[in-house]
Amino acid sequence: MTHVSGSLSLLRERYGERYRWLLLLSVMVGTMASIMSSTIVNVAIPDMSHYFTLGQERAQWVTSGFMVATTVSMLTTPWLLSRYGYRATYVGAMLLMLAGGVGGGLARDFGLVLAARVAEGLAAGVVQPIPAVIILYAFQPHEQGRASGIFGMGVVLAPALGPSIGGLLVDWFGWRSIFFMVVPLCLASLWLAYKFVPASAPGGVEPNRQGEALDWRGLLLGTVGTLCLLNGLVSLHGGSMTEATTLLATAVACVAAFIGWQRRLIQRGRKPLMDLRLFQYRQFAMGSVVAFIYGTALFGSTYLLPVYMQLGLELSASHVGTLMLPAGFVLAVTIALVGRLADRQPTHFLVSIGLGLLALSFGLMVFVSLGSSLWMLVAFAILGRIGLGFILPSLNLGAMRPLDKSLISQGSSAIGFLRMLGGAAGVSLCGIVLEWRLTAHGVSLATGGSTPARITAFGETFLMLTLLCLLALVAAWQLRAPKPE
């Protein structure tokens, strides 16, 4: 390979054995920015709803719009890396996220806020599959669990600290201030990218600027299918049955057309947006099922918990952030410890433990009442975060280790896409189930005052998440490596 400026060979020569860790640090900062931008807005949703006089359904799109954009753009990461290389792809995404953060903070119209969230989501989707690709290419198998643990520990500090700092900022300066929190991380990631991220594509090869064009038809089908799925879920409760049926049927048709088109591209010898050969690997296929259900439970609860604490238990935004802080630190420590275990213990065992603990933490929320101690909420949140700590470093490794090297970029993108698709559906699903249970108990979020009936409705929504996690346990056990014949 030619020794051009920023090439992988020159960077390895310059920084030696520590280079792979410096590279991991560089993409960690950008991923922290993307994850913070996805979670921190949740503490500001009540204030934002009041400012723009939004109903529950429209306010939900602040989160769902981000999720849709993230989900769809993840499919483009393998193509971008192959055509433009790590550095150009990463820097472009960080500049877009920076623009979204500044634009959202300055916006005076809800449409502009939503556009800023979509821009941040597009950037986050491109960035988030990159670290898994780097870990599987740059680290030896006996180091991959440790690298995933260290990376995960750093990344979760963003959502651990974000809601606490964000809650204080919302109380002191209003909801606009939370958009600016990603700016320092974006600037730091840009500096690190030009210093440590190579200009090469995965595998150390030069980017192919003359390669195939992006599969726009597949991307369009994926986008339309995702939007129809989410709007169909919302219409199941808030709209007419005819509208819901039409949207969900269109989503199914888009999925079928997407799969057919991807197969056709593979038969023609062209690069598909999602390489369906991935799903011939049993561990990857089962890991994808786990990722989808896990995404539904994780992102649904991330949306639901702050709303529950603020509108159900009438806690302030800063109080909510403070209550979530201990759980965030426990998650960081758990990920670091489990990352080392993932190099020695079966990943399906670790993922199953995590899903069991996560299900238990959701199930225990049913027992929270107006007279419950706040320490009970903290304890349940910590239990759930310990569960996440078992899942996060183990799931990608268990699903992607069996893949051929040529499929690693595609695998990271596909499993991320399915996790985020589950997450986007989870936010809508939690909103639907919550509204349904509130109506069943004769209460609503619009009326003031906390009531036992309202808290019961939230508890029943958490119970739905418990059942989803238990369902994912069945697929998680299939992550085990096949017995040698």
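## Helix α2 and T31

Helices here are DSSP runs of H or I, at least four residues long, numbered from the N terminus. By that count, T31 belongs to helix α2, which spans residues 19-39. The model is predicted.

Is T31 buried or exposed? Its relative accessibility is 4%, so T31 counts as buried; the cut-off for buried is under 20%. Leaving aside residues up to four places away in sequence, T31 touches V127, Q128, P131, F151 and V155.

## Helices α15 and α16

Helix α15 covers residues 374-400, and helix α16 covers residues 408-440. Their axes come within 11 Å. The crossing angle is roughly 135 degrees. That makes α15 oblique to α16, since angles over 145 degrees would be needed for roughly antiparallel. The crossing of the two helices is right-handed.

Which residues make the contact? From α15 come N396, A399 and M400. From α16 come I408, G411, S412 and I415. Sorted by type, the residues of this contact give four nonpolar, three polar and no charged.

## The largest nonpolar core

The largest nonpolar core holds 150 residues. Which members touch the most others? They are M48, Y308 and L465. Helix α16 gives the most to this core, with 15 residues. In soluble globular proteins, nonpolar side chains tend to be buried together.

Not counting residues up to four places away in sequence, L465 touches T296, A297, S301, L304, F362 and C430.

## L10 in helix α1

L10 sits in helix α1, residues 8-15. At 26% relative accessibility, L10 counts as partly exposed. The class follows because the value falls between the limits of 20% and 50%.

How far apart are L10 and P198 in space? The C-alpha to C-alpha distance is 9.0 Å. In sequence, L10 and P198 are 188 residues apart.

## Q267 in helix α11

Q267 is part of helix α11, which runs over residues 241-267. With a relative accessible area of 69%, Q267 is exposed; exposed means over 50%.

Q267 and M365 are 98 residues apart in sequence. In space, 50 Å lies between the C-alpha atoms of Q267 and M365.

Technical notes
Residues are numbered from 1 along each chain as its sequence is written. This is a predicted model: local features need pLDDT of at least 70, side-chain atom pairs count only at pLDDT 80 or more; totals for chains, interfaces and linings use all residues. Side-chain values use heavy atoms; hydrogens and water are left out. Axes are lines fitted to C-alpha atoms, for helices over the stretch in contact, and angles run from 0 to 180 degrees between N-to-C directions. Angles under 35 degrees count as roughly parallel, over 145 as roughly antiparallel, 65 to 115 as roughly perpendicular and the rest as oblique. A crossing is left-handed if the near helix is turned anticlockwise from the far one by less than a right angle, and right-handed if clockwise. Contact means heavy atoms within 4.5 Å. Ala, Val, Leu, Ile, Met, Phe, Trp, Tyr, Cys and Pro count as nonpolar, Asp, Glu, Lys and Arg as charged, and the others, Gly among them, as polar. A nonpolar core is a set of buried Ala, Val, Leu, Ile, Met, Phe, Trp, Tyr and Cys residues joined through side-chain atoms within 4.5 Å. Buried means under 20% relative accessible area, exposed over 50%, partly exposed in between (1.4 Å probe, protein chains only).
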